[in-house]
Structures are given as C-alpha cells and as structure tokens.
Amino acid sequence: MSAAPNRDRQAERREATRREIVDAAWEIARRDGLGAVTLREVAAMIGMRSPSLYSHFDSKNAIYDAMFGQAWTLFLAEAEQNFEDLPEAPREALLAIVRHFYDFSVADVARYQLMNQRSIPGFVPSDAAYAPSVQVIDLLQRTFHRLGITDGADVDLFLALGGGLLERQLANEPGGDRWLRQLPRVIDMFADDLDLPGPPLRSTT
C-alpha cells in the first residue's frame, strides 16, 4: 500500500487566501467598477491589513492580472465545451459561437471589461494571464477551419462584428436585446460574403 503524498498545507492556505483576495476584488469591481478596486478595501473585506496583501500580490495590477487570467481560463473552459456541441451547419455554428460569447459577456460586465477593454490605465496582463485568451483564439481558428473558413482576416472580421454589436448593447441598452436581435442578420451577411452553405438564419429565427 503506497503512502499518500504529503500535503503542503501552507501552500494550500496561501492559495486559498489568494482566491479570497481575488474574489473580494471582483465583488468591488462588480459593485462600483473596475477602477474602484483598492488594496485598502480589498484588505478590509477579507479582514486583513493592507500591508499584508503584499505577501500575496505585490501591487494592485497584480490582482488585476490574477482576475484577468481567471476570467479567460473560465471562458476557455466554457468555449471548449461549447465548441464540442456546435451545430453541423456553418451558419448555425457561427451563431452559436457568437451567442456564447455574448451571453458570457453580458452575465458579468465588469469581467467583460477587464477581459476585452483597456479600462485600467497602466495594466498589461502577464504572459501567463494572457495565455488562456491566446488558446481561445487558437480554438476559434481551428473551429473555423472545420467550417471551411481559413483566412485569418475572416476571423478578425467575425470578432469585430460580434464584438461591435456587444459593445453597442452594453453601452446603450444594458440588459436589453436590441443589438442581440441583429446577430442572425449579421452572421448571414458574413456567411453570404464567404459563400457558406445553408439557409439564411433569419428565415429560421
């Protein structure tokens, strides 16, 4: 009978504290905006003195970095699952991809802003935190290849079209669906330009 590996309880406690700090930062960001996150308030929320935070994160930007990496890691996991269940028809698959990103984004606007907008002056994600977002793009490109879309410029255009509608929705009608309703039309325009097969989405929605 093999002995169970020794647990590094100190490392576990340290990681749990880091998660608690990040969770507190998200709570502040969702309540008051990303720019409202301060070391003092984060420390107060978890019952810690501000100087003690520096043993876990050496700056506020380091906390943002952990938040950024966490957000993209979560989206990557969801995208991997979502892409496994895409419809066979290219147009329907494209719509499912953009709808998943749309739903993920509007569910947590502060998270979307940190992931996709330069909303924190001076913050640049580390390579480690940025890596999951690169994996998302790689996954998207591989999926597009399966759908017959091989030009990287077409991937860029798809992201710009979907992201543009999302930005308009969040800026002008948070919680509404005015721009969401345009997604099938935009995907049809994109698919028509690429001569993708299938009936128009607008005829089925």
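Predicted model: local features only at pLDDT ≥ 70, side-chain atom pairs only at ≥ 80, totals over all residues.
Which residue with a positive phi follows helix α7? It is G148, whose phi is near 90°.

**Helix α7**

- Helix α7, which covers residues 127–146, consists of 20 residues.
- From its first C-alpha to its last, α7 reaches 28 Å, close to the 28 Å expected at 1.5 Å a residue.
- The buried residues of α7 are A129, P132, S133, V136, L139, L140, T143 and F144.
- An α-helix has 3.6 residues a turn, so residues three or four places apart point the same way.
- The helices against which the buried residues of α7 pack are α4, α5, α8 and α9.

**Helices α5 and α6**

- Helix α5 spans residues 90–106 and helix α6 spans residues 109–116.
- The axes of these two helices come within 6 Å and cross at roughly 115°.
- On the α5 side, the contact is made by F101, F104, S105 and V106.
- On the α6 side, the contributing residues are V109, R111, Y112, M115 and N116.
- Sorted by class, this contact of α5 with α6 has six nonpolar residues, two polar residues and one charged residue.

**The largest pocket**

- The volume of the largest pocket is about 770 Å³.
- The pocket is lined by 31 residues, and those closest to its centre are W72, F101, M115, N116 and S133.
- F101 of α5, together with M115 and N116 of α6, also takes part in the contact between those two helices.
- S133 is also one of the buried residues of α7.
- Two or more lining residues come from each of α4 (60–84), α5, α6, α7 and α8 (152–172).
- Helix α7 supplies the largest share of this lining, with six residues.
- By class, the pocket lining has 22 nonpolar, seven polar and two charged residues.

**The largest cavity**

- The structure contains one cavity of 30 Å³ or more.
- The space in the largest cavity amounts to about 40 Å³.
- Its lining is formed by V98, F158, L161, G162, L183, V186, I187 and F190.
- The elements that give two or more residues to this lining are α8 and α9, the latter covering residues 183–193.
- The largest share of the cavity lining, four residues, comes from α9.
- Seven residues of the cavity lining are nonpolar, one is polar and none is charged.

How values were computed: Residues numbered from 1 in each chain as written. Heavy atoms only, no water. Axes fitted to C-alpha atoms, helices over the stretch in contact; angles between N-to-C directions. Contact = heavy atoms within 4.5 Å. Nonpolar A, V, L, I, M, F, W, Y, C, P; charged D, E, K, R; others polar. 1 Å grid on protein atoms, 1.4 Å probe; cavity = no way out; pocket = protein on both sides within 12 Å on 5 of 7 lines; lining within 4 Å. Points joined across faces, edges and corners; volume = space filled by probe spheres on them. Expected span 1.5 Å × (residues − 1). Buried < 20%, exposed > 50% of the residue type's maximum accessible area, 1.4 Å probe, protein only.
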